[in-house]
Amino acid sequence: MKLKCLIIDDEAPAHKVLHAHIAKTDLLEAVGDVYDGKEALDFLSKTKVDLVFLDIEMPKLTGLELLQCLPYHVPVVLTTAYSNFGFEAYQNDVVDYLLKPISYPRFLKAINKVSNLITPKKAEASVKFPDIELKHEGVLKIINTKTILYIEAVGNYIKIHLDQEKPLLVTQTMKYISSLLPPEHFTRIHKSFIVKREAISEIKKTEITLSNKMVLPIGRKYSVLLES
């Protein structure tokens, strides 16, 4: 079954790009095009859709304002030319944040997130926080990812900060450890830091605070990833 998509954007070229991407994606079907927030509300009040592509800067009602008054819960992917709305996107639980011009690979990554979000997963609870194996001081150590607060790059090592134990210094790369972590629960906020989403207690434009009061910087290019 295909996901019915609504495109909300005040610029016709943006609709054209999204239609081209949707046409190449078997999972998706475009069912509507609207060009401002009020028109979107009228459409959504009459038609149930499964996914919304939403521009932010629009006349009458901005995309962020529209998020506050959607008539029903629907996954939203923001599409914008501006990179400074990552915090607002995170607060409004959008699935992803696409910066224009939107490439098809980046579009497809967003759709995979949507698919993972809405597809029922059997025994999901048991795989939410998988165990990973890492060699620490010559010994293979099993770590449940739920116990990780954040991971820090330290030269040729990574330091794994845990909620109840001392940090572990491991000879590995951020790229490798990132490949082991469930993306639903971990996000990279800086070239030197990966954090567990559930451990974040406060987000500001340039830094986050974790549940253990640790304050970490947000890298400029990673700020938009905090939404997804």
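Predicted model: local features only at pLDDT ≥ 70, side-chain atom pairs only at ≥ 80, totals over all residues.
Residues are numbered from 1 along each chain as its sequence is written, and side-chain values use heavy atoms, with hydrogens and water left out.

In α1, the residues Ala 14, His 15, Leu 18, His 21 and Ile 22 are buried, where buried means under 20% relative accessible area, exposed over 50%, and partly exposed in between, with a 1.4 Å probe and protein chains only. They cover an arc of only 130° around the axis, which puts them on the same side of α1, the arc being that of the directions from the helix axis to the C-beta atoms. The face turned away from that buried side carries the exposed residues Pro 13, Lys 16 and Ala 23. As for partners, the buried residues of α1 pack against β1 (3-8), β2 (28-34), β3 (51-55), β4 (76-80) and α5 (104-118), with contact taken as heavy atoms within 4.5 Å.

Turning to the cores, a nonpolar core is a set of buried Ala, Val, Leu, Ile, Met, Phe, Trp, Tyr and Cys residues joined through side-chain atoms within 4.5 Å. The largest one has 22 residues, and those with the most contacts inside it are Leu 6, Ile 8, Val 52, Leu 54, Val 76 and Leu 78. The elements that give two or more residues to this core are β1, α2 (37-46), β3, α3 (63-67) and β4. Apart from it lies another core, of 17 residues, among them Leu 3, Ile 22, Leu 51 and Val 95.

Next come the aromatic rings, where rings of Phe, Tyr and Trp (its six-membered ring) pair if their centres lie within 6.5 Å, and planes under 30 degrees apart count as stacked, over 60 as edge-to-face and the rest as tilted. Tyr 104 and Phe 107 form a stacked pair, 6.1 Å centre to centre with 25° between the planes, and both lie in helix α5, 3 residues apart, about one turn of the helix. The rings of Tyr 150 and Phe 193 have their centres 6.2 Å apart and their planes at 50°, so that pair is tilted. Tyr 150 lies in strand β8 and Phe 193 in strand β12, so the pair ties together parts that are 43 residues apart in sequence.

Which way do the side chains of β12 (residues 193-196) point? Phe 193 and Val 195 point one way and Ile 194 and Lys 196 the other, and all are buried. Strands pair if DSSP finds at least two bridges between them; β8 (residues 148-154) joins β12 antiparallel through 3 bridges, and β11 (residues 186-190) pairs with β12 in the antiparallel sense over 4. Ile 194 is the bridge partner of Ile 151 and also of Arg 188.
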